[in-house]
Amino acid sequence: MTSALSVLDTVFGYDSFRGQQAEIVDHVISGGDALVLMPTGGGKSLCYQVPALVRPGTGVVVSPLIALMQDQVDALTAVGARAGFLNSTQSPDQRMAVERALLAGELDLLYLAPERLKVSSTLALLDRAELALFAIDEAHCVAQWGHDFRPDYLGLTVLHERWPSVPRIALTATATEATHREITERLQLQDARHFVASFDRPNIQYRIEGKNEPVKQLLSLIRTEHPGDAGIVYCLSRASVEKTAQALNDAGVPALPYHAGLDTATRAANQSRFLREDGIVMVATIAFGMGIDKPDVRFVAHLDLPKSVEGYYQETGRAGRDGLPSTAWLAYGLQDVVQQRQLIDKSEGDAAFKRRASQHLDAMLALCETIECRRVQLLAYFGQQSEPCGNCDTCLTPPESFDGTVPAQKLLSTVVRLWRERHQRFGAGHLIDILLGKQTPRMAQYGHDQLSTFGIGTELSEQEWRGVVRQLLAQQLLAVHGDGYGTIVLTEGSASVLNGSRQVRLRRDPVASRGGRKLRSA
Ligand code: ADP
Ligand code: ZN
């Protein structure tokens, strides 16, 4: 049997394993099951590719990333490994050729989409082949509490039930403790060895700032820090992807759109240009990126709030796989909070789904509003302790916090008054107009210039008030009503602020107070 090190050297051209790779590879080669939690760029692929080449038979890799299978197979073929895939995009002829190669013992690696394993002919095919191992990539997809659940992954228990003696290695780059537990249970990996690497990505600088004019802010980031660099910009909707890509191109930044509304050929063409050319900015919905191996992505920007910390971590993790300094930048505003709450209310999921989605959102908001190190907070979310990093916005420019009890009381009592009058359909904008004493047409129409709180909030600017509303939403001292109008309502916690028994600590937004320039010189 050839040794792992010689395969690493002769096939992949590397002279040593990294981090826990050697241990993982040894463990799987000797027939053990493994669960590997390792950040993006950590080198997960070699953990199953090397054992697949060392052990006799074919390593079967289950992956949800059908669009990438061709690339993965090409990359392996280029280094002289024998690889193939089976998925729905192939013609019967292509499929048959792969099946023949598998049965003839001519494949080191076979990539399979999880839904293939529901087909009895696939199972019968694998029965007749010699199997080196099963690798379950993107294993967090089996977790319903995670952020990227795929029902087909639940069927993967068939692997060890049908082939108990074939070692399994499950891998993921995102797992909170809860997701970790769920993967273990659902894939029945209780007896597997668990390899948990640090999730820290020290070369990524995390920054979250207030959203005013997002495209302008993005252009400023690109021009001052990342001219000519490859980057990914995430937007929530297809429309904003198109608009943002256009705006970047108009400003001379080469940008391509990517979302599920584009036809397959355009998506594939844009993806391959992004991978092969230098300095392209991919503007995309979260449909883009899983499994994309481009080492020199220098920045990942979010123009809309991610739905969960796991999603944020995974998306930002696509920056700086090569270990060089990279930026994770997020612009976030009041509208994001309102919009995300509405999306959850309107979603078709059951009560448990909505509760879970709210918890995910709350954790994401807490990360946005923290006055402590972003990295400490982020790693704590994954159950890992760390020291302030010195390389995130809150470390570099510690945000000021202030006693926001009085502004919060003014805001909450305005909400109380509107509610009492049954004028319920007023969003944050109108509330702020009341506090600032603005004589808008709606003010006169509803007689809100007669409210006792009219004009009592001029000590803060409109921008600052938006920050107050946003943070009270994040702290669950206010909520967005599920009426679809973005109406702001009280929560159970509001009363304690109104009656003075609870203090409110607020973060002063650097953008509102200082124009957000300071960080760049840091
Ligand atoms: P992950 O799947 O964990 O995101 P990859 O398996 O794609 O990471 O590896 C990330 C990069 O690191 C790849 O370009 C890979 O070739 C490289 N790499 C992985 N292991 C080693 C190693 N032992 N020595 C040198 N480079 C490595
Ligand atoms: Zn920090």
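Let's start with a strand pair. Strand E5, residues 131–136, pairs with strand E6 in the parallel sense, over three bridges. Keep in mind that this is a predicted model. One link in that pairing is phenylalanine 134, whose bridge partner in E6 is arginine 168. How does the chain get from E5 to E6? It crosses through helix H7, residues 157–162. This β-α-β crossover is right-handed.

E6 has another partner. Strand E1, residues 34–37, also pairs with E6 in the parallel sense, here over four bridges. Look at leucine 37: its bridge partner in E6 is threonine 172.

Now E6 itself, residues 168–172. Is E6 mostly covered or mostly open? Mostly covered: five of its five residues are buried. Take the side chains by direction. Arg168, Ala170 and Thr172 point one way. Ile169 and Leu171 point the other way. Both sets are buried.

Next, a helix pair. Two packed helices are described by the angle between their axes and the distance between the axes. Helix H17 covers residues 405–420, and helix H18 covers residues 428–436. They pack at an angle of about 115°, with their axes 10 Å apart. That angle makes H17 roughly perpendicular to H18. Their crossing is right-handed.

Which residues make the contact? From H17, they are Lys410, Leu411, Thr414 and Val415. From H18, they are Leu431, Ile434 and Leu435.

Methods: Residues numbered from 1 in each chain as written. Chains lettered and ligands numbered in written order. Predicted model: local features only at pLDDT ≥ 70, side-chain atom pairs only at ≥ 80, totals over all residues. Buried ≥ 20, exposed ≤ 12 C-beta atoms within 10 Å, placed from the backbone. Helix = DSSP H or I, 4+ residues; strand = E, 2+ residues; numbered from the N terminus. Pairing = 2+ DSSP bridges. Right-handed = clockwise from strand over helix to strand, strands pointing away. Axes fitted to C-alpha atoms, helices over the stretch in contact; angles between N-to-C directions. Parallel < 35°, antiparallel > 145°, perpendicular 65-115°, else oblique. Left-handed = near helix turned anticlockwise from the far one by under 90°. Contact = placed C-beta atoms within 7 Å.
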